[in-house]
Amino acid sequence: MTRTTLLPLLLPCAALLAACASSPAPHGQVKGAEASSREMGQSDSNRVATLAMRANLDSLYLLMSKLYRRNPAEWKKTATTREEAEKKVRDAIEQRQPWPELQGKRDIAAMTLALAPDFKGDRVAAFIDATADMIIVAHGNKIEFFLVDGLDAQHLYNAARNVEIAAWVLASRRNAGGAPLLLSDEIGGDVRNLSFEREFGKIVGRLDLMAEFSTERYRRAGISYVQNLLGGSFLQFLPVR
């Protein structure tokens, strides 16, 4: 086959390859939650807080799954399969049931115990459950928010700092044998896995945003009140006929 006969066949292929190279790879799309009658009792800020809380819990569940995959000896302490262990932790968090190995401790006291070098239980379960409990406590012990609910901006800010501290402890603290408490991010040679750090960062970012949003909400309420007062006298259209 000559160059002249090949050229008409190659040109469409080249154009197709160029189009593929220039088109961005699919990364998914935003998906909103399904409408619910419960939303009738929620303001816009309530809805934002609920979505942020759900996203933070989902991030913790993802971290739990990743930690169990890197530390399989942990889930074997409380379950026969990794999936069973993950379900137990999720159910305890969603139903606000105390995790037995945390000895009745909650909030930052539970986080301290879960990250203690001499802790002998399922450290992944204890750490995820304790961190989730700390975040929920910072939100007034609620996972879903309605018109009667309010958020304390300082508590949310403190929760963000607690997650930063927990991530640092998890990455740096060693047990009595000199090994990391849990294997997480990996940096060495040609391997660079920072997926744990990124997920922790998402949680911190959401908490900080909600803290600022909560503060801004009350400030804007005052400004809106003044604007409405002024609008009654000065911001009305005048008749032209």
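Student: How do you know that the span of helix H7 agrees with its number of residues?

Tutor: Helices are DSSP runs of H or I with at least four residues, numbered from the N terminus. The expected span is 1.5 Å times one less than the number of residues, so the 20 residues of H7 (residues 153–172) should span 28 Å, and the end C-alpha atoms, 29 Å apart, agree with this. This is a predicted model, in which local features need pLDDT of at least 70, side-chain atom pairs count only at pLDDT 80 or more, and totals for chains, interfaces and linings use all residues. Residues are numbered from 1 along each chain as its sequence is written, and side-chain values use heavy atoms, with hydrogens and water left out.

Student: What makes Phe 127 and Phe 200 an aromatic pair, and which kind is it?

Tutor: Rings of Phe, Tyr and Trp (its six-membered ring) pair if their centres lie within 6.5 Å; planes under 30 degrees apart count as stacked, over 60 as edge-to-face and the rest as tilted. The count by this rule is one aromatic pair. Phe 127 and Phe 200 have centres 6.2 Å apart and planes at 65°, and the pair is edge-to-face. Phe 127 belongs to helix H6 (residues 123–138) and Phe 200 to helix H8 (residues 195–233), 73 residues apart.

Student: Why is Phe 127 called buried?

Tutor: Buried means under 20% relative accessible area, exposed over 50%, and partly exposed in between (1.4 Å probe, protein chains only). Phe 127 has 0% relative accessibility and therefore counts as buried; Phe 200, at 7%, is buried.

Conventions:
Helices (H or I, at least four residues) and strands (E, at least two) are DSSP runs, numbered from the N terminus.
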